[in-house]
Amino acid sequence: MLKLGQILISLIALGLPLLSMPVNAAWFEATGQAVIIDGNKALAKKQATQEAIKQALMFAGASITSIQAVSNGLLQNDRFEIRSGGEVNDLELVNESYHDNYVTVVIRADIFAQESQCKAAQYKKRVVSAWFPIRDRQQAIAGGLGEFGQIISEHLEQQFNETSRFARIKQRQPYYIYPNSPNVEEDIISLARQSDNQYVLIGEISELSIERSSRNSFLFWQDAPLSRNFHLELFLFDGNNATLLKQTRMAVNSPWEFKLHQQVSPTSQQLWQSQFGLAVTSALIEHSAVIDEALNCLPTYARVLQVSGEQLTVNIGQQDGVQIGDTLTLFKHAQFFDSVGNLHQQLKIHPNKVRVTHVYSDTAVVGSTTSVPLVNIQANDFVARQ
């Protein structure tokens with residue numbers, strides 16, 4: 001028998017990153033069901049409609065000011081305000097059908113939630129990175145910086161994890177990913193899945209050249225001072241679907257204190273304590289903050305690793321900020337192409353919430369918040385914090 005307010009919501013984000021609903025507009029199609037009590041079909045319809053809207057908004061990271069603006073499944077006003085700074089631009093009653101003792105209502109809502117709704121209590125996002133290739137490797141010959149792309153990725157990871165508030169680079173894989181590669185999307189998704197991380201950060205050193213300033217005509221017997229350019233482009237991706245979420249570029253021009261043919265180890269303090277090394281470090285700190293801020297409003301979700309009776313093991317834990325008693329939402333994710341080749345993301349929310357019962361370093365165990373059994377949950381389904 002159906003319970004009052006029991007729902008199954010299918011969320012379809014057309015052309016948008018998976019679970020990026022808090023900072024984008026998207027159409028949410030929700031199917032709500034409610035029991036008809038004492039033959040009052042109008043009340044049951046209203047309850048099913050309101051519950052579906054509320055759950056969809058909460059999953060998007062927002063909460064509505066009032067659901068009383070819904071009358072017979074339709075908006076009374078043109079706009080539907082959300083406390084966290086977003087709005088429902090449109091709400092449609094798609095279908096309603098009555099059965100023996102319950103009603104099914106299908107609604108479609110155009111939800112736009114702004115970045116101001118970000119929750120400070122969100123878990124830290126997991127990021128995986130890789131080595132940064134040098135676009136023109138001839139430029140790395142001067143100074144012997146052929147491995148600079150490996151070392152700079154390590155320094156970025158260090159600076160990011162020391163200063164970040166919303167995420168952490170959990171792993172850095174020992175190989176190059178080229179942003180302009182024709183297979184970059186497959187590489188991004190593969191890297192995220194293999195490393196069990198949610199977001200992927202890659203980069204490319206687009207400039208590492210040395211230049212000499214013009215000579216002073218009165219000091220023609222002396223070599224003109226050298227300077228070195230360092231340009232690094234960073235790309236942040238959603239690891240689930242390789243959607244580009246943020247791109248930033250740092251540019252450094254600093255005195256190069258070494259001789260033109262002098263070899264300098266890219267791991268040495270001699271390099272990193274030089275004017276060039278200090279300037280690069282400063283730029284890394286600045287752009288680490290840019291990437292961290294971009295991750296702030298992005299959702300935190302985790303994968304179900306194991307199903308054991310009524311308990312699920314998920315791949316987030318104490319290091320991500322998980323605490324015993326936290327409540328999570330279960331959902332399934334699927335992707336499909338329409339008739340013209342556009343990729344769509346579809347999320348189906350499970351009607352039962354789960355609560356964290358045990359926390360470990362990188363994993364947690366969750367169980368149902370009610371006595372209703374957890375059915376149709378499998379490994380590789382997801383949980384998200386609301």
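Residues are numbered from 1 along each chain as its sequence is written. Because the model is predicted, local features are given only at pLDDT of at least 70 and side-chain atom pairs only at pLDDT 80 or more, totals for chains, interfaces and linings use all residues, and side-chain values rest on heavy atoms, with hydrogens and water left out.

The protein chain contains 5 helices and 19 strands, where helices (H or I, at least four residues) and strands (E, at least two) are DSSP runs numbered from the N terminus. Of its 386 residues, 50% count as buried; buried means under 20% relative accessible area, exposed over 50%, and partly exposed in between (1.4 Å probe, protein chains only). Among contacts (heavy atoms within 4.5 Å) with a separation of 6 or more, 67% join residues 24 or more positions apart.

Helix H3 covers residues 184–195. Its 12 residues should span 16 Å at 1.5 Å a residue, and its end C-alpha atoms are 16 Å apart, which agrees; the expected span is 1.5 Å times one less than the number of residues. The buried residues of H3 include Val 184, Ile 188, Leu 191, Ala 192 and Ser 195. They cover an arc of only 95 degrees around the axis, so they lie on the same side of H3; the arc is that of the directions from the helix axis to the C-beta atoms. An α-helix has 3.6 residues a turn, so residues three or four places apart point the same way. Arg 193 and Gln 194, on the other side of H3, are exposed. The cover over the buried residues of H3 includes strands E8 (125–131), E9 (167–176), E10 and E12.

Just after H3, Asp 196 takes a positive phi of about 65 degrees, although it is not a glycine. This residue belongs to the loop between H3 and strand E10 (199–207) and is partly exposed, at 22% relative accessibility. Ala 242 also has a positive phi, near 60 degrees, and is found in the loop between strands E12 (226–238) and E13 (243–256). At 7% relative accessibility, Ala 242 is buried.

Rings of Phe, Tyr and Trp (its six-membered ring) pair if their centres lie within 6.5 Å; planes under 30 degrees apart count as stacked, over 60 as edge-to-face and the rest as tilted. The count by this rule is 9 aromatic pairs. Phe 148 and Trp 272 form a stacked pair, with 5.9 Å centre to centre and 15 degrees between the planes. Phe 148 lies in helix H2 (residues 148–163) and Trp 272 in helix H4 (residues 269–272), so the pair ties together parts 124 residues apart in sequence. Relative accessibility is 0% for Phe 148 and 5% for Trp 272. Phe 148 also forms a tilted pair with Phe 276, at 6.3 Å and 40 degrees. One aromatic cluster comprises Phe 148, Phe 230, Trp 256, Phe 258, Trp 272 and Phe 276.
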